[in-house]
Amino acid sequence: MKEIKIIKNRSDIGAGTRGSDMGVDAIEIAAINKKSNYFDSHDFEDVITENESIYNKVNNSFAKRIDSVFNQCKRLSNHVKVNLQEGKFPIVLSGDHSSALGTISGVKAAYPTQRVGVVWIDAHGDLHSPYTSPSGNIHGMPLSAAISDDNLDCQINDVSRETSELWERMKNIGVPGQKVLPEDIIFFGVRDTEEPEDKQMEKYGIKNYMVAEVRYRGLDVCVNEALEKLSNCDVIYVSFDVDAMDCDMISYGTGTPVPKGFDQHEIIDIINGLLASEKVACVEFVEVNPLLDFKGNKMAETAFEVLEEVTKKVKSL
C-alpha cells in the first residue's frame with residue numbers, strides 16, 4: 001500500500017481573484033462537517049507561502065508577482081521531489097494553478113531521466129506565457145513553462161527584461177529545461193481557451209477530451225485511449241482544477257467558473273482510471289475558492305468527495 005503525503009500549498013498569488021489560498025482549509029472544513037478523520041489519517045506538510053506579496057505594487061504587469069510565484073513553485077517543487085524520492089505518493093492541495101509548474105518540476109526532478117506525462121483536467125488550457133497572456137495572471141501559464149515554449153508567434157506583450165529573466169528561471173525550476181514534451185500532455189474538459197492557446201494545441205496536436213466526447217464515446221474508452229497516448233511516458237502527473245466541473249451543476253466557488261463541465265463522479269472515474277495504470281506518481285487539486293461560493297462550502301465539499309475516492313484508489317494499488 002502506497003504511503004500518502006498530503007502537501008498543503010495555500011498560495012493564490014498566481015490568480016486574478018483572491019481566495020483560493022483558503023481552498024485547502026475549506027476542504028478540511030468539508031471533511032470535519034462530514035465527520036471524516038481524513039486529515040488526521042495522513043501525514044501532511046505545509047509549504048511556506050508569500051501571500052503577503054499581494055499587497056506589493058505590481059511591477060511585472062504581464063506576469064504579476066512573478067518573483068513570488070517563482071519562489072512558491074521552487075519551494076513546492078522541492079516538497080514534491082523529496083516525497084517522491086522517499087517513495088511516498090504526494091497528493092498536493094494547492095490554491096491557484098500556477099502551483100502546477102512547481103509540482104511538475106518536482107516530479108521531473110525526482111525522475112530526471114524519465115519521461116513525464118501530464119493529464120490536465122481543467123476548463124482552461126493554461127498554455128499562455130508572459131508574451132501572450134491577456135491578463136498577466138500566472139495561473140494561466142504553468143504548462144507553457146513546463147514545455148518551455150513562449151509561443152512568440154502569438155506575442156502581444158512587450159515584456160520587460162526583469163520579467164523575461166524571472167520567466168527563464170521559472171522554466172528551469174527543479175531541473176534545467178523542458179519538463180514535459182508537449183505531445184505528452186492530455187486535456188480533459190478544456191472548453192475556455194484563447195487563440196494563442198488554441199494555436200499551441202493545434203501545433204503540438206494536444207488531445208482534448210471534451211465533456212461531450214467523453215459522454216458520447218464512453219469515459220473508460222477515452223481514459224484508456226489517453227493512457228495509450230501516454231504509453232511512452234514512465235510517470236504521469238494528474239492535475240485537477242475544480243473548474244473542470246460544471247459550475248451550474250456544482251458551484252461557482254472557483255476563480256474562473258465555466259458551465260457545461262463534468263460532474264464529480266466523472267472526475268472520480270477519470271482520475272481513478274488513470275491511477276489504475278500504476279504510472280501516476282502525483283495528483284494535485286487546485287482552485288477551490290470559498291469566497292466565491294454562493295452555495296456555502298459546496299465546491300470544497302465536492303472536491304473533498306473526489307479527494308476521498310481518489311485516495312482510496314491510491315491506497316488500493
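Guide: Buried means under 20% relative accessible area, exposed over 50%, and partly exposed in between, with a 1.4 Å probe and protein chains only. By that rule Tyr-38 is buried, as is Phe-304. The model is predicted, so local features need pLDDT of at least 70 and side-chain atom pairs pLDDT 80 or more, while totals for chains, interfaces and linings use all residues. Residues are numbered from 1 along each chain as its sequence is written, and side-chain values use heavy atoms, without hydrogens and water.

Visitor: Why is the aromatic pair of Tyr-38 and Phe-304 called edge-to-face?

Guide: Rings of Phe, Tyr and Trp (its six-membered ring) pair if their centres lie within 6.5 Å; planes under 30 degrees apart are stacked, over 60 edge-to-face, and the rest tilted. Here the centres are 5.6 Å apart and the planes at 90 degrees, so the pair is edge-to-face.

Visitor: What makes this pair tie together parts that are apart in sequence?

Guide: Tyr-38 lies in helix α2 and Phe-304 in helix α11, so the pair ties together parts 266 residues apart in sequence. Helices (H or I, at least four residues) and strands (E, at least two) are DSSP runs, numbered from the N terminus.

Visitor: How do you know that strands β7 and β8 pair?

Guide: Two strands pair if DSSP finds at least two bridges between them. Six bridges join β7 to β8, so these parallel strands pair. Val-238 has Val-283 in β8 as its bridge partner.
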